[in-house]
Amino acid sequence: MQRNPIPLVAEALGFTAAMAVYIWFVRAQWPWSLLVLAALVLASFTWHSETLKSLGLTGGAFVDAMVAWRWWLATGMAAVAILGWMRAVPAHLVYRWLVYLSWCILQQLLFQNMVYRRLRAALGSSWTTSLCAGALFAATHLPNPILVPATLLWGTVSTRMFDSRSSIPALGLWQALLSTLLSTLTPIALIRQFRVGPGYWTWM
């Protein structure tokens, strides 16, 4: 029996709206409210009977993705390493990059499963669905003039990659590498350390 698309689309839109409200109006005053969003995500995963496989968190999917994308990933890693060496990046920043990698994996977990997969279940797998998901991803990065178009493009493309190789850690690695290159090659006055929401305007 075909699932009713309306609740699925509403869930994707509702989660994006909740993230936007948190970023713009709640985060500064009540940072603990992030726990409410976490509870909603867990409730959604439980309601949809998600498994590690459906969420894209199995080791087999990760190995498959790493093998399939090995040359592109190797190129990205080499580019990041060369730029880091040219800029004499301190060793302690490697640890910070690993922390950022974890953040990228979490972003992909939420984006692919709370937004894209809900839209895909409602609308089908297509570039139109991917573009809608990418637009929602970009909306949470307003008003950053660099991140909005970058996340629109990456959000759209990453959903097609997820359809091909459903590995969240591999996509998180991709995002971390691309974000590192973007931050290195973009003037800091424009990208402002990836600040979004009101933090973009108050960044010093």
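The charged end of R192 is placed over the ring of Y200, at 4.4 Å from the ring centre. This arrangement, like the others described here, is taken from a predicted model. Y200 is buried, because its relative accessibility of 5% falls under the 20% limit. A second case of a charge over a ring involves R160, whose charged end sits over the ring of W127, 5.1 Å from the centre of that ring.

Aromatic pairs were searched for across the whole structure, and four were found. One of them joins Y100 and F194: the ring centres are 6.2 Å apart and the planes lie at 25 degrees, so this pair is stacked. The two residues come from distant parts of the chain, 94 residues apart. Y100 belongs to helix 6 (residues 92-123), while F194 is in the loop between helix 10 (188-191) and helix 11 (198-202). Another pair is formed by Y200 and W201, with ring centres 5.3 Å apart. The planes of Y200 and W201 meet at 80 degrees, so the pair is classed as edge-to-face.

Helix 1 (residues 5-26) contributes the most to the patch, with three residues. V21 is located in helix 1 and is partly exposed, with a relative accessible area of 41%. That value lies between the limits of 20% and 50%, so V21 counts neither as buried nor as exposed.

The bond from L142 to P143 has an omega near 0 degrees. P143 is situated in the loop between helix 7 (127-139) and helix 8 (147-164). Most peptide bonds are trans, and most residues other than glycine have a negative phi.

Positive phi values occur at S49 and at F194, neither of which is a glycine. For S49 the angle is about 55 degrees. This residue lies in the loop between helix 2 and helix 3, and it is exposed, with 57% relative accessibility. For F194 the angle is about 65 degrees. The position of F194 is in the loop between helix 10 and helix 11. F194 is partly exposed, at 22% relative accessibility, and is the residue stacked with Y100.

The loop that holds S49 also contains H48, between helix 2 (34-47) and helix 3 (52-55). In contrast to the exposed S49, H48 is buried, with a relative accessibility of 17%. When neighbours within four places in sequence are set aside, the contacts of H48 are with R3, L8, E11 and R118.

Definitions and conventions. Residues are numbered from 1 along each chain as its sequence is written. This is a predicted model: local features need pLDDT of at least 70, side-chain atom pairs count only at pLDDT 80 or more; totals for chains, interfaces and linings use all residues. Side-chain values use heavy atoms; hydrogens and water are left out. Helices (H or I, at least four residues) and strands (E, at least two) are DSSP runs, numbered from the N terminus. Buried means under 20% relative accessible area, exposed over 50%, partly exposed in between (1.4 Å probe, protein chains only). Contact means heavy atoms within 4.5 Å. Rings of Phe, Tyr and Trp (its six-membered ring) pair if their centres lie within 6.5 Å; planes under 30 degrees apart count as stacked, over 60 as edge-to-face and the rest as tilted. A charge sits over a ring if NZ of Lys or CZ of Arg is within 6 Å of the ring centre and within 35 degrees of the ring normal.
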